[in-house]
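Hi,

Here is the structure I promised to pass on.

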Amino acid sequence: MSAAQGSGARALFTRAQTRLIVAGNLHINAVAKLDRAALLEMALGNTEIDISGLTRIDTAGAWLLVDLQQQASADGISVVLTGASEAQAQLIDVVRHSLAPTGTAQPKAKTLVDQIELFGRMVVRGLRKAAELTSFLGQVVGTMAGIVIRPRRLRLTSLVHHCQEVGLNAVPIVALMAFLIGVVLAFQGAAQLRQFGAEVFVVDLIAISVLRELGILLTAIIVAGRSGSAFTAAIGSMKMREEIDAMRTIGLDPVTILVVPRVLALMIMLPALGFIADISGLVGGAVMSWIELGVSPAVFQSRLVSNTDVWHFGVGMIKAPFFALIIGIIGCFEGLKVGGDAESLGRLTSTSVVLSIFMVIMVDAMFSIFFAIVGV
Amino acid sequence: MAGLVDDPIIRVRGLVTRFGTHTVHDGLDLDVRRGEIIGVVGGSGTGKSVLLRAIVGLLKPVAGRIEVLGESVRDTPEEEYRRLRRRWGVMFQDGALFSSLTVRQNVEAPMREQLQLDQDLRETLAGIKVRMVGLPENALANYPSELSGGMRKRAGFARAIALDPEIVFLDEPTAGLDPIGAAAFDILIRQLQAALGLTVFLVTHDLDSLYAICDRVAVLADKRVLAVGTVQDMLKVDHPWVREYFHGPRARAAMASAEGAP
C-alpha cells in the first residue's frame, strides 16, 4: 500500500441512488488535486457515503470525508459514513475531534486609529528604553564609584582579559583602517588642492581631519562592530543559559562581574586605539603625500609640528572615553535584555551595534558643537 | 542475534559510527517491524541519538547498511532520498521548532516544501494536526518562545506528523516533562500511532514510557544493540547495565504502576 504514494493513484467517486461511493486512494496528493466544490455538488442529496472501497486514507482524506459529510448534512438531511475499516474509523474519529471550532473570529482589518495607536506604542517603547538605558548607566557608574572606594572589588583578571580582547587584538585592524584613511585623504586632498597650487596644505587637511575627527570616530565604529556585538552575544548567551540568574542566587552582582570590567576595559583601550589610529593615519597620509605630491617626510613633519595645534589631538582624545562608555553600556545592556530564545540574541546583537554606532555619531556631533562654542 | 525479523521497515546492519577516534557504534544490527513502537534505551553516551541521526541520514556512518522502507538511506540518489524522507517525520528533543515561525507555520512548513497544496487546505490540515496533538486553539498563532516545554514538544510532534508519515522518530519526547505531562504524551503517542498506523522509533530514558507504550525495547550497550524484546524479556537479560536499569527501584515503581493500571 505504501508504495503507491506516487501521483498515479486517484480516488474514485461514483453515485448510486442515494449513496456516494468512494474508492481507491484518498491521500493528501489526491485530495489536493480534487475539485472540492464539484465534489460537494455530487455529495448533496445523498444520505450515505460508502468508503468500503478505499484502499488508503490519510489525515487529509479523512478530513475531506468529514468535511463532505458535514456540509452535505447541513440542510436537515443527515449523511452517514459507512464501510470504514476499524483503523479508518479511528482515524476519521480523531480528525472529527480535531476540526476547527466553529465561529472562530476573523482578524479584523487595521484602521487608521490602529496605526496611530501602534505609533504611540512605539514612541512610548522608545522613551521607556531610553529611561532604562539611563538607569543602567547610573547603575554601572554607581558600581564603578563603589569600586573606587573599595578597589578590591574590581575583577582585575577579567579586566586584563577584556583589555586584551577589545584593545590589543583590535590593533591590526584599527591601524590598517586608519592608514588607508590617511592614504585616501592625501590622495583626494591633493587632487583638489593642486588646482590652487596649495599642495602643501594637504598636511593640515590630513592632520586636522584625522586627529580631530576621523581617527577616533572610525576607531569607535570598528570597536562597536567588533566588541559591542561580542559583549551583547557573550552576556546574552549567558542570560539564555540562566548563568546570570545563577550568579544572582549565589550573591554575585552581574554588573560588578560582567559589565564593569568590560566597560572599564573599553574606556582604557579606546583612547589607546584612537592614538594608534591617529599615528597610523598620519603615516598613511605622509606616505601618500610623498608619492603623489613629493612632500618629503621631513617637510610633512615640520609642517605638522608648526601648523597643527596640539588641541586638535586633544579634542580627539577627550572624546574617546565617552565613546567607549557608550559602546560598553549599550553592548552590555542589550545583552542583559536577551530572553529565552536564540532569535532575540541575534536581534539584540544587531540592535546593539546599530544603536551604539548611532549614539557615537550623535555624541560626536554634540562634541563638535560644544568645542565650536568654547573655541578650540 | 535475537530480534531480527523478515521484511522490517527499518533494517540496520553492521553500523559503525565514529567521532574522531571515539567509536560510538561498532557493528550494530537492528530491525524495526512495521506498525510497532520500539523504545531505544541505553546509558548516557551509548549513542541513542546518534543511531537516530544515522538512520534518518543526518550523520554519515563509517560503515554499515541502513535501509528504511526497503531503500538504502545512504546510497540512494538525491531525488529518491527526498521521496523517502517524506515518508518519515522526526521530532527532536526540544521540538526544534523554527523560532521565527508560528506553530501553524511550523506545521505547514513540510507541506509547503513537499506538496503543492492551496493555502486553505494547508491551513486546515495544519490546524487539524495541531489539535490532534492536543494543543489549544490559541497556540496556533503563537511563536515557539511563547510556549511551555511540553507544548513545544507537542508542536514538534505535530510537525513530524504533518505529512502523514509511515515512521516517526521521537528523540526523548517525555524528557523534561512533569509526570502528568509525560503520561499524557505517552497516551498521545499511542493514540496517534493507532489512528495513523505509524511505526514509532522512540529514543527514551523514561521507564514509564517503556512500560506504558512500547511493544519492544532495544537496549544499546557496548557499542551495539545488546538485547531486543518486550520489557518482560529484558528482565531476564543477564548484563550488569540492563539488570540495573530494569531491576532498579525506579523500574520496579514503573512496573508496579503499569500493572496497577493496564
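There is a nonpolar patch on the surface, made up of A:Val310, A:Trp311, A:Ile318, A:Phe322, A:Ile369, A:Phe370, A:Ile373, A:Val374 and A:Val376, and together they have about 880 Å² of accessible area. That area comes from the Shrake-Rupley method with a 1.4 Å probe, and for residues only the protein chains shown count as cover. A patch here takes residues with over 30% relative accessible area and no salt bridge, joining nonpolar side chains (Val, Leu, Ile, Met, Phe, Trp, Tyr) within 5 Å and like charges within 9 Å. A salt bridge would be a side-chain nitrogen of Lys or Arg within 4 Å of a carboxyl oxygen of Asp or Glu.

Before you go further: this is a predicted model, where local features need pLDDT of at least 70, side-chain atom pairs count only at pLDDT 80 or more, and totals for chains, interfaces and linings use all residues. Residues are numbered from 1 along each chain as its sequence is written, chains are lettered from A and ligands numbered from 1 in the order in which they are written, and side-chain values use heavy atoms, with hydrogens and water left out.

Back to the patch. Helix H12 (310-336) and helix H13 (342-374) of chain A each give at least two residues to the patch; helices are DSSP runs of H or I, at least four residues, and strands are runs of E, at least two, numbered from the N terminus.

Now for helix H12 itself. A:Phe322 sits in this helix of chain A and counts as partly exposed because its relative accessibility is 43% (buried is under 20%, exposed over 50%, partly exposed in between, with a 1.4 Å probe and protein chains only). A:Ile318 is in helix H12 too, and at 34% it is also partly exposed. Leaving out residues up to four places away in sequence, A:Ile318 touches A:Trp311, A:Phe367 and A:Phe371, where a contact means heavy atoms within 4.5 Å.

In the model, residues 311-333 are 100% helix and 0% strand, with end C-alpha atoms 34 Å apart.

Cheers
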